[in-house]
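Subject: Handing over the structure

Dear colleague,

I am passing on the structure we talked about, and I would be glad if you kept it open while you read the notes below.

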Amino acid sequence: MPNERSYETACKRSDEIRADLPLHPESYTMLTGDRPTGRLHLGHYFGTLKGRVELQDLGVKTNVLIADYQVITDRDTTEHIQDNVYNLVIDYLACGIDPAKTMIYAHSAVPAANQLMLPFLSLVSEAELQRNPTVKAEMEASGHELTGLLLTYPVHQACDILFCKGNVVPVGRDQLPHIELTRLIARKFNNRYGKVFPEVDALLSDTPLLPGLDGRKMSKSYGNAISLSMTPEETAKRIKKSQTDGERMITFDPEGRPGVSGLLSTAAICSGRSEAEIAEEIGMGGSGALKAFVTEAVNTYLEPIRARRQEIEQDMDYVKDVLNEGNRRANEIAEATLCEVREAMGMVY
Ligand code: TRP
């Protein structure tokens with residue numbers, strides 16, 4: 001892309017924003033979201049959920065999107081979607097997202113936000129869409145053909161961010177091409193029709209990515225993830241089944257010993273200690289002792305979140321109310337923005 005900023009520039013901008021957030025929380029509107037394809041896990045929690053709650057509690061305007069239309073970018077079914085959506089809401093609430101402060105809503109419930117797709121599509125070229133490395137990687141990983149939606153969902157993501165005039169988007173590195181495209185769309189729209197949209201920046205996580213139990217990327221499809229919604233027993237079982245190696249002495253070596261090191265990283269983040277320190281403590285205890293340590297650390301850390309989760313689960317009317325109220329507010333905001341867009345474009349009749 002002609003205006004593409006390097007990764008370093010995005011990091012620098014992200015660091016500046018991180019420093020400014022506590023000083024001027026009122027200048028920021030955060031928008032981020034998740035695809036409702038399953039339960040949230042420890043990787044989501046440490047990678048993004050915890051950070052969302054911190055922004056919320058700083059007084060930033062916070063918006064969390066359940067990206068239900070993105071489910072069908074690379075799969076042909078919406079099976080379990082309602083259950084997945086409600087469970088996402090439950091996970092959010094259990095982690096401390098407060099619906100009085102944070103708007104929680106779903107794509108499909110906000111028609112005016114989706115309608116921004118039409119003018120926005122006119123602002124990008126086919127070549128720009130074809131170049132997106134994340135779309136390519138998702139297509140390859142899923143084995144799905146390149147549908148019109150898979151090709152253009154980054155534009156849809158620009159609608160997500162810009163309908164509420166979001167200017168900070170907490171994302172992982174893989175989402176940077178989408179943020180870049182959102183910046184391009186906002187800039188082009190403003191140049192052509194007059195200033196409606198803000199400048200958007202990514203807020204990159206400052207905690208390193210938590211690997212799965214086997215050292216690979218934590219992912220439900222690899223069976224190496226611990227969901228927030230698991231019971232302590234299910235957690236113990238999952239940890240027990242994880243692959244380590246034959247060496248008795250426990251050491252932290254992510255390259256050479258991915259299984260042992262994935263377990264150490266999980267224990268470290270949950271106990272607030274370093275991997276090396278835990279490895280030294282376990283020493284010749286072997287993977288049995290390591291697994292017992294990890295299980296204890298994870299279950300202790302998740303205990304209050306799981307207790308809240310269980311409580312919330314008992315009151316599905318409340319869960320539905322939270323989502324309905326978020327959808328209602330999102331519609332208000334989206335309609336106001338769409339009105340501005342139509343006015344800027346002279347489509348006032
Ligand atoms: N694409 C994101 C993911 O797969 C989810 C998402 C949808 C999102 N719309 C967004 C993230 C807008 C940030 C901003 O995880």
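Does lysine 165 count as buried, partly exposed or exposed, and what is its relative accessibility? Before answering, please keep in mind that this is a predicted model. Lysine 165 counts as partly exposed, because its relative accessibility is 26%, which lies between the limit of under 20% for buried and that of over 50% for exposed. You will find lysine 165 in the loop between α8 and β4, where it has a positive phi of about 55° although it is not a glycine. Such a value deserves a second look, because most residues other than glycine have a negative phi.

Histidine 80 is another residue other than glycine with a positive phi, near 65°, and its place is the loop between β2 (61-66) and α3 (81-95). With a relative accessible area of 54%, histidine 80 is exposed, since the term applies to values over 50%.

Next comes the ligand, which is surrounded by 13 residues, the closest being Arg35, Gln70, Gln157, Asp160 and Gln175. For three of these side chains there is a distance between a polar atom and a nitrogen atom of the ligand: 2.7 Å for aspartate 160, 3.1 Å for glutamine 157 and 3.2 Å for glutamine 175. Taken alone, the ligand exposes 360 Å², and the protein buries 88% of that. Sorted by class, the shell around the ligand holds 6 nonpolar, 5 polar and 2 charged residues, and at least two residues of this shell come from each of β1 (29-34), α8 (148-163) and β4 (168-171).

The helix α9 has 18 residues and reaches 26 Å from its first C-alpha to its last, which is close to the 26 Å expected at 1.5 Å a residue. This helix is mostly covered, with 13 of its 18 residues buried, and just after α9 glycine 194 takes a positive phi of about 110°. In the loop between α9 (176-193) and β5 (201-204) sits phenylalanine 197, which counts as buried because its relative accessible area is 0%. Leaving out residues up to four places away in sequence, phenylalanine 197 touches Phe120, Leu162, Ala186, Phe189, Asn190, Thr337 and Val341. From phenylalanine 197 to arginine 183 there are 14 residues in sequence, and in space the two are 9.4 Å apart, C-alpha to C-alpha.

Two of those contacts, Thr337 and Val341, are also among the buried residues of α14, which include Val319, Leu323 and Ala334 as well. Helix α14 (residues 316-344) has 29 residues and reaches 42 Å from its first C-alpha to its last, close to the 42 Å expected at 1.5 Å a residue. Just after α14, glycine 346 takes a positive phi of about 75°.

Finally, please look at threonine 235 in helix α10 (residues 232-241), which is buried, since its relative accessible area is 0%. Its side chain is joined to that of arginine 306 by a polar contact of 2.8 Å. Apart from neighbours within four places in sequence, threonine 235 is in contact with Ile226, Met230, Val298, Asn299 and Arg306.

With best wishes

Notes: Residues numbered from 1 in each chain as written. Predicted model: local features only at pLDDT ≥ 70, side-chain atom pairs only at ≥ 80, totals over all residues. Heavy atoms only, no water. Near = heavy atom within 4 Å. Polar contact = N/O pair within 3.5 Å; in protein donor to acceptor, adjacent residues only side chain to side chain. Areas by Shrake-Rupley, 256 points an atom, 1.4 Å probe, with all protein chains shown as cover. Helix = DSSP H or I, 4+ residues; strand = E, 2+ residues; numbered from the N terminus. Nonpolar A, V, L, I, M, F, W, Y, C, P; charged D, E, K, R; others polar. Buried < 20%, exposed > 50% of the residue type's maximum accessible area, 1.4 Å probe, protein only. Contact = heavy atoms within 4.5 Å. Expected span 1.5 Å × (residues − 1).
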